[in-house]
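Hello,

Here is the structure we talked about. Please open it first, then read the notes below.

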Amino acid sequence: MKTNLSFTTVIFATLSLTACTSTMESTNPQASAAQATQTILDTSQCIGTTQPPAAWASKLVAVDDPALLTNAIGEPNQGKLCQGQVYEVKDGEALTIYRAWNSTNPNSQFGAWWATSQPNGKVAQYREGYEICYQWSPLDKMTRCELTPGSKLVIGNGQSAQCSEWLTYPVSAEQQLYLEGTESLVSNCQTFDAVFGWE
């Protein structure tokens with residue numbers, strides 16, 4: 001009887017510790033964010049690289065920010081990024097970034113999605129490379145800014161986006177930038193208008 005009681009006590013203590021550990025993990029927001037990122041972040045279908053462009057490599061440092069990364073990653077056909085890595089701009093450095101946006105919505109000028117280079121070439125190809133559905137933006141304005149030291153950004157490649165029953169963009173190797181609170185992270189901005197150009 002004494003042996004059975006001791007065994008029961010050990011089992012109960014083990015179960016109590018396990019329950020306590022599970023409760024602690026579920027109330028830890030950083031652990032939850034990391035788990036959510038791992039759930040979404042299936043990179044097997046992604047293409048391209050999350051490494052910064054060669055000209056940017058010495059100006060950035062990779063950092064860990066699961067919440068920011070989770071916000072940047074999207075599920076298939078939902079847009080956003082397919083894969084990504086969070087970076088921070090080093091002290092004394094500045095990076096030039098570009099955003100094509102919608103003039104009918106002035107609040108979209110400093111949205112979350114940016115590019116490392118100025119948009120050029122055919123508009124249709126740009127839409128496909130950056131997964132920008134026609135109903136999201138006419139792409140009739142462009143803003144060029146400098147990203148200031150200390151700014152965090154996600155560099156990644158586009159997730160597929162279903163724009164309509166007739167149009168779905170596949171995953172893309174083009175690099176996109178994801179920022180939060182962009183207006184507070186940039187300076188020296190200039191805005192440009194789109195004009196017709198036919199070939």
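Helices (H or I, at least four residues) and strands (E, at least two) are DSSP runs, numbered from the N terminus. This is a predicted model: local features need pLDDT of at least 70, side-chain atom pairs count only at pLDDT 80 or more, and totals for chains, interfaces and linings use all residues. Residues are numbered from 1 along each chain as its sequence is written, and side-chain values use heavy atoms, without hydrogens and water.

The protein has four helices and ten strands. Of its 199 residues, 36% are buried (under 20% relative accessible area, 1.4 Å probe, protein chains only).

Start with serine 160. It sits in the loop between β6 (152–158) and β7 (161–162). Serine 160 is buried, at 9% relative accessible area. Serine 160 touches (heavy atoms within 4.5 Å) residues including Glu75, Pro76 and Tyr169.

Now the pockets. A pocket is an open set of points on a 1 Å grid over the protein atoms alone, where a 1.4 Å probe fits, with protein on both sides within 12 Å along at least five of seven lines; lining residues have an atom within 4 Å of a point.

- The largest pocket has 22 lining residues; nearest its centre are Gly121, Val123, Leu139, Ala194 and Val195.
- α4 gives the largest share of that lining, three residues.
- In the second largest pocket, β3 gives the most to the lining, with four residues.

Best wishes

Conventions
Buried means under 20% relative accessible area, exposed over 50%, partly exposed in between (1.4 Å probe, protein chains only). Lists of a residue's contacts leave out its neighbours within four places in sequence.
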